[in-house]
Amino acid sequence: MSGSSLTLIAGSTKTKEALQEQLELLLGDYVHVKSHAADEGLPHSLEDEIILYSSDAAYANKKGMYSVNAGKIIVGKRTVNHEYIDKLLRIPDGSSVLLVNDDDDATINLIESLYQLGVDHIQFIPFRKGILFYEDVQIAVSPGETHLCPPYIKEVIDIGVRLFDITTILEVVESCGLHKDISSKISERYISNIIELQRKLVYAERDAKQMSEHIQNVLGTVDDGILVVNGEGLISVFNNQLAALFHVEAQEVVNKYLEQVMNRRDITQFIMEGNDESKFFEIDSVDVVIFRLQMIKEHTIVATFKSVHQALEIEKTAQREMRNKGFYTKYCFDDIIGEDEVMKKRKQIAKKLALSEHPILIQGETGTGKELFAHAIHEHSLRKNGPFLAVNCSALTETLLESELFGYEEGAFTGAQKGGKKGLFEMADNGTIFLDEIGDISLTVQSHLLRVLQEGEIRRIGGKRIIPINVRVITATNKDLQGKMRDGSFRTDLFYRLNVLNLNIPSLKERRADIPLLIKHLITKSGKWVKVEQEVLEYFMQYEWPGNIRELKSTIDYMLTVCEGNVVTKSDLPFIHGLTGNSVPSEYPACESMLEMQERAFILEVIKQCNEKGKAASRELISSYSQDSDIFLSPQQIRRRLNILESEGFVIKGRGRAGTKITVAGIEYLYFLKSEHGMH
């Protein structure tokens, strides 16, 4: 360490302390620093190699100092402490700012220095001692002399004591005769402080970016499209759902103007100038309601784009909850999509049939929507306020179907519950019962059913009591009942009782004009905003659809699950529509029973739905879902079935809490189960 020595003379204690700290930080290894402040009183005589004055004012103020003996006298130049520059940069453009310092010359000096440094977006007004009021000034800035500010100014920014600039530091270095290496080290120290500030800014920018990404991710989980613009129409928020609707990239449209992004003048006009809170629009065949909210204070408009279908679904769900989980219809005629003439005619006939009290037999291929019509007929009938119960006859064994339909008395068989059980016919009293897949019922059940239709009464299994009932019966089948009557497996007298009124539902290939409508409906219902490529549409229009609307729905579900981005292409078609034609792949494992197939389809469907929501499915979750369906499986039973499904490559079981995920092969297998066997 060189033995150079330096004495600092400053005006105030505060300045002295700040400058001594700066000198020791930069030169402390090489120079011994002592300091005095004029307001504390200066020594009578002063002798040192270098005497450094903090400013011209400090040099001029030599009160009480008789002898100064120095190898070198330096009057330092000072500049704003860079650590506080960002405080100045945050002051709004064009503001009038009072600059308060303890000396008039120093004040002017500082203003010039700030303009020189590029802080020129605000207008500085110099403070003069004795003047207490400055017009149109709300903000004051001071280098450590805030106590001098007029008391009426609320916002006072302290930019700290001004420090020596680099030229002063280098002049001191030169006067001490320090080696070149040392002087470059000292200037690097000076610059490193500025780099440190830059680092803080980089970190702040990174944190802001992470926060912005976090907000974008949060907005991405919302089902609605969300848009935020300022008064000029500059976009600040545009979430992924909205990006999918307008086929743009969310990141690319932020900070652009609304009309550059949306080529829909009607929509941009409503968002920017609309008086209504909400308005209906059709965007790329998707029906949307836009809700707008003006935030006056922030000069901001927030617009929420909601799929009409979803809004209706939410409403319906709420209504259903309100109806106390009673037995009711889920669909009405408006839910039956169809503009094809054949379909329109069938709907008109169905409405007329609904108003009568006679039994109706609905015939049609699998997946044409027979159950939908049954619901709508009840909803349109005079019994619409009564219960509606639906049962799939092919899903139950003979004994189970009998006890479900007709009920049983206590002790009628082993496991019969205490007090017996009401059957569905009793529960449907004054309403409608819908028996799906009627062609699959046994001759025993047929004779019981005939009695109900002839006598309007039932007798529970194991009971003697006759219970009168008033129920309208709607049945449906995809079987050839005429053929079944010929071979004796279906009673002729029952057929004529059920087939008083007849409704035939057209297959999808008979109403091809409805395919684009149905595709639009199914995509909208999924809550996703995607486009279907023309090539896919043409293929759909030519395909035979043996599984009808149910097959179309499964195909769309599959394609929406596997498609990349916002467009469904031909490469997203399931393998059944691929080069293998319509042959069912032989590599699928054979199931022993219809029940096993239903269990497999149920388990895979739950896993698929969970995965789509970004969740992995646990055994407990699948088990709890099964309690609300016709299939009840314990976690233990599910574990066994998952092991088998995993060995076949349809699922991947996560360890511990990770839960189970469905594979692409699993999705195709589920699709196969649903389309081949007419499962819901």
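Predicted model: local features only at pLDDT ≥ 70, side-chain atom pairs only at ≥ 80, totals over all residues.

Q: Okay, so is glutamate 605 buried or exposed?
A: Glutamate 605 is buried, because its relative accessible area is 18% and the cut-off is under 20%.

Q: Which helix is glutamate 605 found in?
A: That's helix H22, which covers residues 594-612.

Q: And what is glutamate 605 in contact with, leaving aside its neighbours within four places in sequence?
A: Leu670 and Lys674.

Q: Zooming out, how many helices and strands are there?
A: The protein has 25 helices and 26 strands. Its radius of gyration is 42 Å, well over the 26 Å that the globule rule gives for 680 residues, so the protein is more spread out than a compact globule.

Q: What box do the C-alpha atoms fill?
A: Roughly 135 × 55 × 55 Å, along the principal axes.

Q: How much of the protein counts as buried?
A: 45% of the 680 residues. As for the accessible surface, it comes to about 35900 Å², with 51% belonging to carbon and sulfur atoms.

Q: Switching to helix H6: what should its 41 residues span?
A: At 1.5 Å a residue, H6 (residues 180-220) should span 60 Å, and its end C-alpha atoms are 58 Å apart, so the two agree.

Q: Which residues in H6 are buried?
A: Ser183, Ile186, Ser187 and Tyr190 are among them, and so is Leu219.

Terms used
Residues numbered from 1 in each chain as written. Heavy atoms only, no water. Helix = DSSP H or I, 4+ residues; strand = E, 2+ residues; numbered from the N terminus. Rg over C-alpha atoms; globule rule 2.2 N^0.38 Å. Buried < 20%, exposed > 50% of the residue type's maximum accessible area, 1.4 Å probe, protein only. Areas by Shrake-Rupley, 256 points an atom, 1.4 Å probe, with all protein chains shown as cover. Expected span 1.5 Å × (residues − 1). Contact = heavy atoms within 4.5 Å.
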